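Please read the following briefing alongside the sequence and the coordinates. It is arranged by topic.

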Amino acid sequence: MSKKILLTGDRPTGKLHIGHYIGSLKTRVKLQNTGDYEPFIMVADTQALTDNARDPEKIRRSLVQVALDYLAVGLDPSKSTIFVQSQVPALFELTSYYMDLVTVARLERNPTVKSEIAQKHFDQSIPAGFLAYPVSQAADITAFKATVVPVGDDQEPMLEQTREIVRTFNRVYHTDILKEPEGYFPQKGQGRLPGLDGNAKMSKSLGNAIYLSDDAKTVQKKVMSMYTDPDHVHVEDPGKIEGNTVFTYLDVFCQDKDKVQALKDQYQKGGLGDVKIKRFLNQVLEEELAPIRERREKFAQDTDAVYDMLLAGSKRANEVANQTLAEVRHAIGVDYFAGRK
Ligand code: TRP
């Protein structure tokens, strides 16, 4: 059986946190290790630049941090091609050709882009590259003919737009070279981890994240500061589970579901203090995070080797993407000099 091609990536705008881990990294590693896939994992620096063009230093700095996070969680360069988006020129060229098949109105309707635009307060000064990043994402996916794209739920509109581009391209140029991708989404309830403060989203800008690179002390401090039930003042008071971040995290991270249920029962009845459940959560998190942290520290001692790994991955990515680009040029008919010396 031939392997399915998998592609996904992350914008390097900072270190990755346990929300990324739960929402996506863990699944990738699992899929990588089944041996049923050929994974391409991309550090999406070009996409990160679409709204950080004036702060490239942030992207440069984050590139190696994201690569370290990848290696730390168990992405393995002998099984996955880990590469850097900007180092694969074919992606830019594919983006240009696809851009001609997409209307501005269609881009403006993309719900994820729409909410990002509102959130980033671009007002009237939306960078054209930002508005068009779903097209570049279509280039990322199709360049490798990926059919499986493990991403968070918020990326579904990108996949829909990619499928539209694929269909339009194949129809207009009478070909079938481009493949329609499917999203591979987290299981229900595992998709999005709330922030430490109870905010629906864990994010760097909200300052409510636990990073894969946080040391044990920092994790403990963050867990102790977590939002629980503001009306649960005394240990003997009955407490609420809904919206209680500690229990949300326990549901996600603790394998012993009976134990979690028992704690919930006791908490709701009264007689279980916040400090106790936080200590338990800290222990559960440490079990998962300690090995990741150790591996990260080891890889961080030799960042030269990390750059070498990214270079090797990018070379391989170029081979595959250039092949698709040649097919795309041929399909459009702009391969004027094919066969000439
Ligand atoms: N948009 C993705 C994110 O913000 C990153 C990304 C860029 C991506 N290109 C991709 C994901 C292609 C999947 C496929 O996390």
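Predicted model: local features only at pLDDT ≥ 70, side-chain atom pairs only at ≥ 80, totals over all residues.

Residues are numbered from 1 along each chain as its sequence is written, and side-chain values use heavy atoms, with hydrogens and water left out.

**Nonpolar cores**

- A nonpolar core is here a set of buried Ala, Val, Leu, Ile, Met, Phe, Trp, Tyr and Cys residues joined through side-chain atoms within 4.5 Å, where buried means under 20% relative accessible area, exposed over 50% and partly exposed in between, with a 1.4 Å probe and protein chains only.
- The largest nonpolar core has 56 residues, and those with the most contacts inside it are Ile18, Tyr70, Leu212, Tyr249, Leu250, Phe253 and Leu285.
- Helix 3 (residues 56-73) gives the most to this core, contributing nine residues; helices (H or I, at least four residues) and strands (E, at least two) are DSSP runs numbered from the N terminus.
- At least three residues of this core come from each of domain 1 (4-192 + 303-332) and domain 2 (216-298), with bounds from an automatic or database domain assignment.
- Another core, of 39 residues, lies apart from it and includes Val88, Leu91, Val135 and Val149.
- Leu212 touches, among others, Leu16, Ile18, Leu25, Val73 and Ile292, not counting residues up to four places away in sequence; contact means heavy atoms within 4.5 Å.

**Helix 1**

- Helix 1 (residues 18-34) has 17 residues and reaches 22 Å from its first C-alpha to its last, close to the 24 Å expected at 1.5 Å a residue, the expected span being 1.5 Å times one less than the number of residues.
- Helix 1 bends by about 45° at Ser24, the bend being the angle between axes fitted to the seven residues ending there and the seven starting there.
- Because twelve of its 17 residues are buried, helix 1 is largely enclosed by the rest of the structure; the buried residues include Ile18, Ser24, Arg28 and Gln32.
- Just after helix 1, Gly35 takes a positive phi of about 80°.

**Two loop residues**

- Asp176, in the loop between helix 9 (156-172) and strand 5 (182-184), counts as exposed because its relative accessibility is 56%.
- Thr228, in the loop between helix 10 (216-224) and helix 11 (245-253), counts as buried because its relative accessibility is 9%.
- The side chain of Thr228 makes a polar contact with the side chain of Asp274 (2.6 Å); a polar contact is a pair of N or O atoms within 3.5 Å, and within protein one must be able to donate a hydrogen and the other to accept it, while residues adjacent in sequence count only if both atoms are side-chain atoms.
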